[in-house]
Amino acid sequence: MSEVIVPRNFHLLAELESGEKGHGDGHVTWGIDRDDDLLLHHWRGMIIGLPGTTFQENMYSVKMFCSDNYPAEPPQIQFETPIRMDCVDKDMKVIPQKVPVMANWKRTNTMYDALQSIRKYGWEAYHDAPDSWGAAQTGGYHNRDLVFKTLPDIVIFSFMSLYN
């Protein structure tokens, strides 16, 4: 029996609905970036740092781009919040080959899977070499400075100050 391939826009609309309904454990969020983006290319996401690491209580904002080949290939992800991780280059772009889910991407994977894999990667890298990760290596925003602004059907996060 042959595999059914779900069209790109159906896949992305399902992900949009899932993001709006708060799918997952709440440690990662995602939603469409522009209301006028009819091809659903531009997305935003948020990753909350893992407890017990230098990333804890920090929120990291990311931009995501889903090419015309998505979901056959992973989204391009770039941190907007300064962060130092082995899977992020100097331009704050995630290196897909270093993130397990993105390196072994399947058509059935989602942006949620990619964001969770990045979050988990940070935890594993920290626990493999905790002395090499200091507070100066993260530029996350502390959750006490979080301000919510609601727009139609999605929540946008804005931040008041850097946590140092």
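Predicted model: local features only at pLDDT ≥ 70, side-chain atom pairs only at ≥ 80, totals over all residues.
Residues are numbered from 1 along each chain as its sequence is written, and side-chain values use heavy atoms, with hydrogens and water left out.

**Overall build**

The chain contains three helices and seven strands. Read from the N terminus, its elements follow the order α-β-β-β-β-α-α-β-β-β. Helices (H or I, at least four residues) and strands (E, at least two) are DSSP runs, numbered from the N terminus. Of the 164 residues, 43% count as buried; buried means under 20% relative accessible area, exposed over 50%, and partly exposed in between (1.4 Å probe, protein chains only). Among contacts in the chain with a separation of 6 or more, 49% are accounted for by residues 24 or more positions apart. Contact means heavy atoms within 4.5 Å.

Threonine 110 illustrates how separate stretches of sequence meet. Threonine 110 sits in the loop between H2 and helix H3 (111-128), and its C-alpha atom is 9.8 Å from that of alanine 14, a residue 96 positions away along the chain. Setting aside neighbours within four places in sequence, threonine 110 is in contact with His11, Glu15, Tyr70 and Trp105.

**Salt bridges**

The structure has four salt bridges, each being a side-chain nitrogen of Lys or Arg within 4 Å of a carboxyl oxygen of Asp or Glu. Three of them are included here:

| Pair | Closest N to O distance |
|---|---|
| Arginine 44 and aspartate 33 | 2.9 Å |
| Glutamate 80 and arginine 44 | 2.3 Å |

Asp33, Arg44 and Glu80 are linked in a network of salt bridges. Arginine 44 pairs with aspartate 33. Arginine 44 lies in strand S2 and aspartate 33 in the loop between strand S1 (28-32) and S2, so this pair ties together parts that are eleven residues apart in sequence. Glutamate 80 also pairs with arginine 44.

In the remaining tabulated pair, aspartate 91 is partly exposed at 41%, whereas lysine 90 is exposed at 75%.

**The second largest pocket**

The second largest pocket has a volume of about 300 Å³. On a 1 Å grid over the protein atoms alone, a pocket is an open set of points where a 1.4 Å probe fits, with protein on both sides within 12 Å along at least five of seven lines; lining residues have an atom within 4 Å of a point. Grid points are joined across faces, edges and corners, and the volume is the space filled by probe spheres set on the points.

The lining of this pocket has 17 residues, and Lys63, Met64, Phe65, Gln76 and Ile77 lie nearest the centre. Strand S2 (42-48), strand S3 (58-65) and strand S4 (76-79) each supply at least two lining residues. By type, the lining divides into eight nonpolar, four polar and five charged residues. Here Ala, Val, Leu, Ile, Met, Phe, Trp, Tyr, Cys and Pro count as nonpolar, Asp, Glu, Lys and Arg as charged, and the others, Gly among them, as polar.

**Backbone details worth a look**

Most residues other than glycine have a negative phi, and most peptide bonds are trans. The peptide bond from tyrosine 70 to proline 71 is cis, with omega near 10°, and proline 71 is in the loop between S3 and S4. Leucine 40, in the loop between S1 and S2, has a positive phi near 55° and is buried, with a relative accessible area of 9%. Methionine 92, in the loop between S4 and H2, also has a positive phi, about 70°.
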